[in-house]
Amino acid sequence: HRVDRRQRQMCIRDSNHSVNKIDGVTNVSTSFEEGISIIEFDTTKTNVDEIKKAIESKGYLITNTKDR
């Protein structure tokens, strides 16, 4: 199943929009080609589990998380 460029952009916008609505998220950068998102957030306002829930609620799979 191939996803065309327009569909990829819509997936990225959809996922990023959900994460950006979370109080405390300060930056979201997603690469569909690389299959990664880099999310910066204030740990006093949210956490990884809340962000994962927002992404998974849109039907996307989280396979790995890393803290910087």
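The following legends describe close-up views of a predicted model.

Local features are described only at pLDDT of at least 70 and side-chain atom pairs only at pLDDT 80 or more, whereas totals for chains, interfaces and linings use all residues of this predicted model. Residues are numbered from 1 along each chain as its sequence is written, and side-chain values use heavy atoms, with hydrogens and water left out.

**View 1. Overall arrangement of the protein chain.** The secondary structure comprises 2 helices and 2 strands, which follow one another from the N terminus in the order α-β-β-α. Helices (H or I, at least four residues) and strands (E, at least two) are DSSP runs, numbered from the N terminus. Of the 68 residues, 22% count as buried; here buried means under 20% relative accessible area, exposed means over 50%, and partly exposed lies in between (1.4 Å probe, protein chains only). Among contacts between residues at least 6 apart in sequence, 30% join residues at least 24 apart, a contact being heavy atoms within 4.5 Å.

**View 2. The hairpin of β1 and β2.** The two strands pair in the antiparallel sense over 6 bridges; strands are taken to pair if DSSP finds at least two bridges between them. The hairpin has 4 residues between its strands, and G35 in the turn has a positive phi of about 70°. Two facing positions may be followed across the pair: N27 stands opposite E40 in β2, and T30 stands opposite S37 in β2.

**View 3. S37 and its surroundings.** S37 lies in strand β2 and counts as partly exposed, at 35% relative accessibility. When residues up to four places away in sequence are not counted, S37 touches S29 and T30. The latter residue, T30, is the one that stands opposite S37. The C-alpha atoms of S37 and S15 are separated by 9.5 Å, the two residues being 22 apart along the chain.

**View 4. S15 in helix α1.** S15 is found in helix α1. With 10% relative accessibility, S15 counts as buried. Its contacts, leaving aside neighbours within four places in sequence, are with I55 and Y60.

**View 5. The largest pocket.** The largest pocket holds about 1100 Å³ of space. Of the 27 residues that line this pocket, I36, S37, I38, I39 and N64 are the closest to its centre. The elements that give two or more residues to the lining are α1 (5-20), β1 (25-31), β2 (36-41) and α2 (48-56). Strand β2 gives the most, with 6 residues. By residue class, the lining divides into 13 nonpolar, 9 polar and 5 charged residues. Ala, Val, Leu, Ile, Met, Phe, Trp, Tyr, Cys and Pro count as nonpolar, Asp, Glu, Lys and Arg as charged, and the others, Gly among them, as polar. A pocket is an open set of points on a 1 Å grid over the protein atoms alone, where a 1.4 Å probe fits, with protein on both sides within 12 Å along at least five of seven lines; lining residues have an atom within 4 Å of a point. Grid points are joined across faces, edges and corners, and the volume is the space filled by probe spheres set on the points.

View 6. A search of the whole structure finds 1 salt bridge, defined as a side-chain nitrogen of Lys or Arg within 4 Å of a carboxyl oxygen of Asp or Glu. The side chains of E50 and K53 meet in this bridge, at 3.1 Å from N to O. Because E50 and K53 are 3 residues apart in helix α2, about one helical turn separates them. E50 counts as partly exposed at 37% relative accessibility, whereas K53 counts as exposed at 51%. Side chains of opposite charge can pair when their charged atoms come close.

**View 7. T46 in the loop between β2 and α2.** T46 is found in the loop between β2 and α2 and is buried, with a relative accessible area of 5%. Leaving aside neighbours within four places in sequence, T46 is in contact with I22, D23, G24, V25, F41 and I51.

**View 8. D67 in the segment after α2.** D67 is found in the segment after α2. This residue, D67, is exposed, with a relative accessible area of 69%. D67 and E40 are 27 residues apart in sequence and 10.0 Å apart in space, C-alpha to C-alpha. E40 is the β2 residue that stands opposite N27.
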